[in-house]
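The following paragraphs lead the reader through a single structure, moving from its sheet to a pair of helices and then to one residue.

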Amino acid sequence: MSRRFDRLDDVWPAGLGRRLGAMLYDALLVLALWIVIGAVHVAVSRLLLGIPPERVGLGAGQVWSLRVLLAIAACLFFTYFWTRGGMTLGMQAWRLRVQTLDGHAIDRRQSLVRCLVGALGWLPLGLGHLWVLFDGERRSWADLASGTRLVVLPGKRR
């Protein structure tokens with residue numbers, strides 16, 4: 001059974017501004033991860049596979065292997081944080097948490113659905129994420145597809 005979060009009456013649905021702020025913060029973290037993966041990919045191509053420098057990055061095999069690695073890394077980043085505590089580092093900074101509709105931590109399947117639908121939500125000019133402006137409960141396509149919701153946590157009491 002997944003962990004149930006406390007203080008559920010103190011949270012409210014996240015708006016677009018907070019979501020975009022957390023996305024930007026997390027995008028910088030994923031970019032740093034991608035830079036490391038790209039460097040390792042080049043090192044493996046050069047040192048282990050013996051590909052000459054002028055041929056690195058050429059050919060469908062190299063291009064697609066890097067793309068797949070980058071997609072898997074991004075998905076693992078989000079899945080790890082979402083299933084662990086409901087928050088990525090960017091979401092912590094913006095006091096956001098993803099949870100099930102009844103206030104539990106999400107599982108791996110829900111996390112994978114959020115990753116896939118969240119990525120696809122950018123394709124139609126970001127409509128999948130802009131959907132929070134039209135939905136009465138401020139849900140994005142990823143929220144709707146995965147049966148989750150993104151909530152704002154109350155600030156620390158002084």
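Strands are DSSP runs of E of at least two residues, numbered from the N terminus, and two strands pair if DSSP finds at least two bridges between them. The model discussed here is predicted. In it, P13 stands opposite V151 in β3. The strands concerned, β1 and β3 (residues 148-152), pair in the antiparallel sense over two bridges.

This pairing belongs to an open sheet of three strands, arranged in the order β1-β3-β2 with antiparallel pairing. Because β1 (12-13) and β2 (96-100) each have a single partner strand, they stand at the edges, and one side of each is left without a neighbour in the sheet.

Attention now turns to the helices. Two packed helices are described by the angle between their axes and the distance between the axes. For helix α2 (residues 60-85) and helix α4 (residues 108-120), the axes come within 9 Å and cross at roughly 135°. That angle makes α2 oblique to α4, and the crossing of the two is right-handed. On the α2 side, the contact involves C75, F78, T79, W82 and T83; these meet R108, S111, L112, R114 and C115 in α4. Classified by residue type, the contact of α2 with α4 has five nonpolar, three polar and two charged residues.

R18 counts as partly exposed because its relative accessibility is 26%, a value between the 20% limit for buried and the 50% limit for exposed. Beyond its neighbours within four places in sequence, R18 is in contact with W94, R95, L96 and V152. R18 and V152 are 134 residues apart along the chain, yet 8.5 Å separates their C-alpha atoms.

Key: Residues numbered from 1 in each chain as written. Predicted model: local features only at pLDDT ≥ 70, side-chain atom pairs only at ≥ 80, totals over all residues. Heavy atoms only, no water. Helix = DSSP H or I, 4+ residues; strand = E, 2+ residues; numbered from the N terminus. Axes fitted to C-alpha atoms, helices over the stretch in contact; angles between N-to-C directions. Parallel < 35°, antiparallel > 145°, perpendicular 65-115°, else oblique. Left-handed = near helix turned anticlockwise from the far one by under 90°. Contact = heavy atoms within 4.5 Å. Nonpolar A, V, L, I, M, F, W, Y, C, P; charged D, E, K, R; others polar. Buried < 20%, exposed > 50% of the residue type's maximum accessible area, 1.4 Å probe, protein only.
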